[in-house]
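Please look over the sequence and the structure shown below before reading on. The report that follows takes up the domains and then the surroundings of the ligands.

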Amino acid sequence: MRTTVGIIGAGPAGLFLSHLLHLRGIDSVVLERRDRGHCEARQRAGVVEHGPAAALRAAGVGDRLDREGSVHEGIELRFGGRGHRIDFRALTGRDVVLYAQTEIVKDLIARRLADGGDLRFEAEATAIEDVAEDGAARPRIRFTRGGREEVLDCEHVVACDGFHGIGRAALPADRVRTFAKTYPFSWLGILADAAPACEELVYARHERGFALYSMRSAEVSRLYLQVPNGTDPAEWPHERIWAELDARLAVDGADARPNRGPITDVGVTPMRSFVTEPMRHGRLLLAGDAAHIVPPTGAKGLNLALHDVILLSEALHAWHGGDPGPLDRYSETALRRVWRAEHFSYWMTTLLHPDPEASPFEDRLQLSHLEHIAASRAAAGSLAENYTGIPEP
Ligand code: FAD
Ligand code: DHB
């Protein structure tokens, strides 16, 4: 089997890349180890920056995002029993769209299939071969499907296979540097059939731990709690989750408790920062979580994945037109945005999570920092600028 670009992974990165390449007349095959239903149901991100939202619209896959997503012009920071609004519109002129990653994935799968795209579910890539740029490169992906081993030959391999995929491991160890940080806490996330009790996202710093109030629609709430690493969701019966959310989201003199309803999904996510440099080796390119991970507090992971493949689709298009420059610069260009998002995500995480290992001195610094952001337009402006997404220079 042969195609122009072999893509591993049908997450947002792989699917959007396949669609963008199709719009530029470049064919691709997407190999995905899970089934379609699993990819469409995996609960993850919700915040789409201004730029990627515009890119989805420009690529003709933004209709449902515009109809069903909701524009958010700010967020609330909550600490010390009080809420403080960060007004993105006033501070930056930009906003974000709340539209679940599951819906972006559904939209992209439906569009690729309607356009005759080649998406192979339950096809697990097992090896990436002959990608070194030595004149004799014959890139190919070995994969198994239905118990049979098959081979996909291509011009380029793009690994969009997430943090646990095989793409990153196929880079030669002596040419790669990785940078990593783990955090001493995780997130427990729930989805509940309950009307959100607030209109905007609430990022709450409480002595008991961080909490995030988000939403999916007028009927569905998405909430997160900081929990210790290694937490088993079984330790968190639903009543305990609601009681903890009530405590951490509390506001002095008002009832700020979330509306309750049946919990339909519970998951625990570790928090880590991770970067691979470079994001290319010869004919093998990495995009999205395959190359970098951020802790979810800054809402950047999905956005970085979409930014990477926008850049990559342009670079591959130029390469096919005889200009290798943009592809040669792909890693360097992508990594500039990646490191900005890494810093912002680390910053938001350390700002809002009480660290179980922190000293009382560091706790006070954290509160002082939050008060500064609430009081200073310049400090709030920096948060707003990063959260909504820094435009390309
Ligand atoms: P993935 O979505 O991980 O897709 C990779 C795909 O590759 C998967 O479908 C996998 O099955 C497949 N695959 C892996 N190995 C193989 C193989 N060998 N062969 C074939 N297929 C393979 N980001 C934000 O921007 N905003 C947010 O608000 C946000 N919130 C988050 C909340 C949570 C709880 C979590 C967990 C993440 C959040 N993120 C957020 C991060 C975001 O979800 C990820 O960054 C995003 O999914 C990355 O997309 P991707 O396409 O690179 O990788
Ligand atoms: C959501 C997730 C995040 O990590 C975040 O920072 C904001 C919102 C969400 O799933 O809605």
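Predicted model: local features only at pLDDT ≥ 70, side-chain atom pairs only at ≥ 80, totals over all residues.

Where they meet, the contact takes 10 residues from domain 1 and 15 residues from domain 2. On the side of domain 1 that touches domain 2, the residues divide into 4 nonpolar, 4 polar and 2 charged.

As for the stretches of chain that make up these parts, domain 1 consists of 5-71 + 99-180 + 272-348, while domain 2 consists of 183-271 + 355-388.

## Around ligand 1

Ligand 1 is surrounded by 35 residues, and the closest of them are G9, G11, G162, G288 and G301. Sorted by class, this shell holds 15 nonpolar, 12 polar and 8 charged residues.

The largest share, 4 residues, comes from α8.

## Around ligand 2

The residues around ligand 2 are A45, G46, V47, L201, L212, S214, R222, P296, T297 and A299. In terms of class, the shell around ligand 2 contains 6 nonpolar, 3 polar and 1 charged residues.

Which domains provide the residues of the shell around ligand 2? At least three residues are drawn from domain 1, and at least three are likewise drawn from domain 2, so that both domains contribute to the shell around this ligand.

Methods
Residues numbered from 1 in each chain as written. Chains lettered and ligands numbered in written order. Near = placed C-beta within 6 Å. Nonpolar A, V, L, I, M, F, W, Y, C, P; charged D, E, K, R; others polar. Domains from an automatic or database assignment. Contact = placed C-beta atoms within 7 Å. Helix = DSSP H or I, 4+ residues; strand = E, 2+ residues; numbered from the N terminus.
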